[in-house]
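Morning, everyone. I have one structure to go through today, and I will keep to what can be computed from its atoms. Here it is.

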Amino acid sequence: MTTSGPSDRPQRGAERQNWVERRREKIRAEVDRNRRGEYTVPTWVLALALVLIVGGWLALVFLA
């Protein structure tokens, strides 16, 4: 049976800090891209718009 000693704690804290730093860098990069006008619409938004348009058209055809 193994137990975690005090030496495990700084490593986990460092891993969490590295994750936080990577996350912050991704957010900064995305904000920079958006400021330059390189933003894109997420795929799920496009799919939702398509479903709404097709659903509305079908509703007009079948309910009219």
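A salt bridge, as I use the term here, is a side-chain nitrogen of Lys or Arg within 4 Å of a carboxyl oxygen of Asp or Glu. Please keep in mind that this is a predicted model.

With that cut-off, take Glu-25 and Arg-28. Their closest N and O atoms are 3.7 Å apart, so the pair counts as a salt bridge. Where do Glu-25 and Arg-28 sit relative to each other? Both are in helix H1, three residues apart, and that puts about one helical turn between them. On accessibility, Glu-25 is partly exposed at 47%, and Arg-28 is partly exposed as well, at 45%.

How many salt bridges does the structure hold? The count is three. Another one joins Glu-21 to Arg-24, with 3.4 Å between the closest N and O atoms. Glu-21 and Arg-24 also belong to helix H1, which covers residues 8-35, and they too are three residues apart, or about one turn of the helix. Glu-21 has a relative accessible area of 37%, which makes it partly exposed. For Arg-24 the value is 44%, again partly exposed.

Then there is the pair of Glu-38 and Arg-36, where the closest N and O atoms are 3.1 Å apart. Is Arg-36 buried or exposed? Arg-36 is exposed, with a relative accessible area of 53%. The cut-off for exposed is over 50%, so Glu-38, at 44%, is partly exposed instead.

Next, the loop. Tyr-39 lies between H1 and H2, and its relative accessible area of 57% makes it exposed. Which residues does Tyr-39 touch, leaving aside its neighbours within four places in sequence? Those contacts are Arg-33 and Asn-34.

On to helix H2, residues 43-63. From the first C-alpha to the last, its 21 residues reach 30 Å, close to the 30 Å expected at 1.5 Å a residue.

The patch is formed by Leu-50, Val-54, Trp-57, Leu-58, Val-61, Phe-62 and Leu-63. Together these residues have about 780 Å² of accessible area. To pick out one of them, Val-61 is found in helix H2 and is partly exposed, at 44% relative accessible area.

Finally, the totals. The secondary structure comes to two helices and zero strands. What share of the 64 residues is buried? The figure is 0%. The protein exposes about 6400 Å², and carbon and sulfur atoms supply 60% of that area.

To recap, the predicted model has two helices, three salt bridges and a nonpolar patch on its surface. That is all from me.

Technical notes
Residues numbered from 1 in each chain as written. Predicted model: local features only at pLDDT ≥ 70, side-chain atom pairs only at ≥ 80, totals over all residues. Heavy atoms only, no water. Helix = DSSP H or I, 4+ residues; strand = E, 2+ residues; numbered from the N terminus. Buried < 20%, exposed > 50% of the residue type's maximum accessible area, 1.4 Å probe, protein only. Expected span 1.5 Å × (residues − 1). Areas by Shrake-Rupley, 256 points an atom, 1.4 Å probe, with all protein chains shown as cover. Patch = residues over 30% accessible without salt bridge, like charges linked within 9 Å, V, L, I, M, F, W, Y side chains within 5 Å. Contact = heavy atoms within 4.5 Å.
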